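Biologist: Please take a close look at a single part of this model, and then at what surrounds that part. I would like one connected account, with the numbers kept in.

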Amino acid sequence: MTSYKLISWITAISWMAVIFYLSHQPGSASSDLSSGVVAALLSFIDQVAPNLEFDIESFHTFVRKNAHFIAYFLLSLLSLNAWRSSGFYGMKQLVFGFGMCVLFAVTDEIHQLFIEGRSGEANDVLIDSAGAGLGSIVYAIGDRLWRLRKKKSNNRKNKAKT
């Protein structure tokens, strides 16, 4: 196994471990963590737009749900990179990477059913899957642009040789 392949998989699995760790926290600890994030964001917003008024409870829910989206967006990028390092390309890479994220999202929500003060939510699986889906799209577009740029560069080099 090449070191790049090993690092790619360790990175993806480590991010899964972070998600699992956060999901394994009891409801009170999870709520405290998200409340701390919300307080920091509210402090920043108050500095930027001091007269802005909005429903804090809705904002708290928005932050929590976006945390799901962002976590799985990143997991998608990391898993797609890991699958690529293992020799999977194109549609096969996208299906395996996205599928891994969705499967992990489902098992993570099931896991939360057994944690005090937590619940498994189908809606969270959908949010996680949307984050993974957007991550897959961004990865695919970035990969395509990278390959086109590389092809152009190689064409220029070949023209310069002739």
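Modeller: A residue counts as exposed when its relative accessible area is over 50%, as buried when that area is under 20%, and as partly exposed in between. The model is predicted, and the values that follow are computed from it. The part I will take is helix α1, which runs over residues 3–24.

I start at S3, a residue of α1. Its relative accessible area is 55%, so S3 is exposed. From the C-alpha of S3 to that of H111 is 32 Å, while 108 residues separate the two in sequence.

The buried residues in α1 are S8, W9, A12, M16, I19 and S23. Viewed down the axis of α1, these buried residues fall within an arc of 90°, and they therefore line one face of the helix. The other side of α1 carries S3, I7 and Y21, which are exposed. What the buried residues of α1 pack against is α3 (56–85) and α4 (90–112).

W9 lies in α1, and its relative accessibility is 18%, so W9 counts as buried. With neighbours within four places in sequence left aside, W9 is in contact with A82, W83, S85, S86 and M100. For W83, the C-alpha atom is 8.2 Å from that of W9, although the two residues are 74 apart along the chain.

Next come the partners. In α3 there are 30 residues, which should span 44 Å at 1.5 Å a residue; the end C-alpha atoms are 43 Å apart, which agrees. After α3 comes G87, with a positive phi near 95°.

The buried residues of another helix, α2, also pack against α3. Buried in α2 are G27, S30, S34 and V38. Seen down the axis of α2, they fall within an arc of 65°, so these buried residues line one face of that helix. On the other side of α2, the exposed residues are S28, D32, F44 and Q47.

Rolling a probe the size of a water molecule over the atoms shows where empty space is left. The largest pocket has a volume of about 680 Å³. Its lining is made of 28 residues, and those nearest the centre are L22, S30, R64, A67 and H68. Two or more lining residues come from each of α1, α2 (27–48), α3, α4 and α5 (122–161). The largest share belongs to α3, which gives nine residues to the lining. By type, the lining of this pocket has twelve nonpolar, nine polar and seven charged residues.

Key: Residues numbered from 1 in each chain as written. Predicted model: local features only at pLDDT ≥ 70, side-chain atom pairs only at ≥ 80, totals over all residues. Heavy atoms only, no water. Helix = DSSP H or I, 4+ residues; strand = E, 2+ residues; numbered from the N terminus. Expected span 1.5 Å × (residues − 1). Buried < 20%, exposed > 50% of the residue type's maximum accessible area, 1.4 Å probe, protein only. Arc of directions from axis to C-beta. Contact = heavy atoms within 4.5 Å. 1 Å grid on protein atoms, 1.4 Å probe; cavity = no way out; pocket = protein on both sides within 12 Å on 5 of 7 lines; lining within 4 Å. Points joined across faces, edges and corners; volume = space filled by probe spheres on them. Nonpolar A, V, L, I, M, F, W, Y, C, P; charged D, E, K, R; others polar.
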